[in-house]
Amino acid sequence: MVLKKTLAELVLMTIFLFRKGKQMGKGGGFEWEVAKKLSLWWSEGKRDDIFCRSQASGARFTVRKKVGKDTANQSGDITFSDAIGEPLIKLWSIECKTGYGKKKKIRDEDNKIVAKEDVRWDLLDFLDSSQKVTVLSSMWEQCKRDAKKSRKIPILVFRRNRRKKCVMLDDRVYQSLCGYVGPSECKTIFLNIPSVLQDGFFKIMLFDDFLFWLRFLPNALIPREKGGRERKSK
């Protein structure tokens, strides 16, 4: 029975990774970039190795879940490599998405392709696109689905082609964070598309602004020894 489960897990993992294809390779670098940024934020600029990319970009957690197994701290795209980062990963399921744009062919008078340009998706796709499922809603649904399986808070970090990193979170989570650190004063997009995003209201802001807004959160979550000293990682 154990052998059958192991084989089933291996087959599902192989299929899952194959379907990810090139996008997974592209996203892998972005995940490490996000992990480094989170590490610097968590350590007040002292370390860049506290967080890392989860095993197979969260694929192992997903596959093992399908065969009835749990995988500790491997949901989402980011996990911790040092125990000091565990409190954050126990709270947040962080999904990282980059790219997903398309190439538009530019033709000359003879209909020959002379160049290609990036066509980026954007938030207006919710209003004026003919897509049944927009890029951002698809990203969020995956983020929410993985977070639900691990009973964590979904946090989506995304970047369009040649643009800055952004973060998307449920408005209820945003309001809860406001209770800890006060309201954000950075540029924020308020999103309410009930026909597409059925959870309610959402906030989107630049990732750097998000981390600056929450710059005091790590001190509240990192375990402390008596006397207020930071507990050393094992």
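This is a predicted model: local features need pLDDT of at least 70, side-chain atom pairs count only at pLDDT 80 or more; totals for chains, interfaces and linings use all residues.
Colleague: Which element gives the most to the lining of the largest pocket, and with how many residues?
Modeller: Residues are numbered from 1 along each chain as its sequence is written, and side-chain values use heavy atoms, with hydrogens and water left out. Strands (E, at least two residues) and helices (H or I, at least four) are DSSP runs numbered from the N terminus. β6 and β9 each supply at least two residues of this lining, and the element that gives the most, with 3 residues, is β9.

Colleague: What volume does the largest pocket have?
Modeller: Rolling a probe the size of a water molecule over the atoms shows where empty space is left. On a 1 Å grid over the protein atoms alone, a pocket is an open set of points where a 1.4 Å probe fits, with protein on both sides within 12 Å along at least five of seven lines. Points are joined across faces, edges and corners, and the volume is the space filled by probe spheres set on them. For the largest pocket that comes to about 310 Å³.

Colleague: Which residues lie nearest the centre of the largest pocket?
Modeller: A residue belongs to the lining if it has an atom within 4 Å of a point. By class, the lining has 8 nonpolar, 1 polar and 7 charged residues, where Ala, Val, Leu, Ile, Met, Phe, Trp, Tyr, Cys and Pro count as nonpolar, Asp, Glu, Lys and Arg as charged, and the others, Gly among them, as polar. Of the 16 lining residues, those nearest the centre are Phe-158, Arg-160, Cys-166, Ile-189 and Ile-204.

Colleague: Nice. Turning to helix α6, which of its residues are buried?
Modeller: Buried means under 20% relative accessible area, exposed over 50% and partly exposed in between, with a 1.4 Å probe and protein chains only. The helix spans residues 171-181, and its buried residues are Asp-171, Val-173, Tyr-174, Leu-177 and Cys-178. They sit on the same side of α6 because they cover an arc, taken from the directions from the helix axis to the C-beta atoms, of only 150°.

Colleague: Which exposed residues are on the face of α6 turned away from its buried side?
Modeller: The buried residues of α6 are covered by elements that include β6 (153-159), β7 (165-170), β9 (201-206), α7 (207-213) and α8 (217-221). The face turned away from them carries the exposed residues Arg-172, Gly-179 and Tyr-180.

Colleague: Which residues does Gly-182 touch, not counting those up to four places away in sequence?
Modeller: Gly-182 follows α6 with a positive phi, near 90°, in the loop between α6 and β8 (189-192). At 18% relative accessibility, Gly-182 counts as buried. Gly-182 and Trp-213 are 31 residues apart in sequence, with their C-alpha atoms 8.6 Å apart. Taking contact as heavy atoms within 4.5 Å, Gly-182 touches Leu-177 and Trp-213.

Colleague: And Arg-162: is that residue buried or exposed?
Modeller: Arg-162 is found in the loop between β6 and β7. Its phi is positive, about 60°, although Arg-162 is not a glycine. With a relative accessible area of 69%, Arg-162 is exposed.

Colleague: What relative accessible area does Glu-44 have?
Modeller: Glu-44 lies in the loop between α1 (2-42) and β1 (51-53). Phi of Glu-44 is near 60°, a positive value in a residue other than glycine. Glu-44 is exposed, since its relative accessible area is 52%.

Colleague: Which residues are in contact with Arg-47, leaving aside neighbours within four places in sequence?
Modeller: Arg-47 has its place in the loop between α1 and β1, and counts as partly exposed at 28% relative accessibility. The C-alpha atoms of Arg-47 and Lys-36, 11 residues apart along the chain, are separated by 8.4 Å. The contacts of Arg-47 are Ser-39, Leu-40 and Asp-82.
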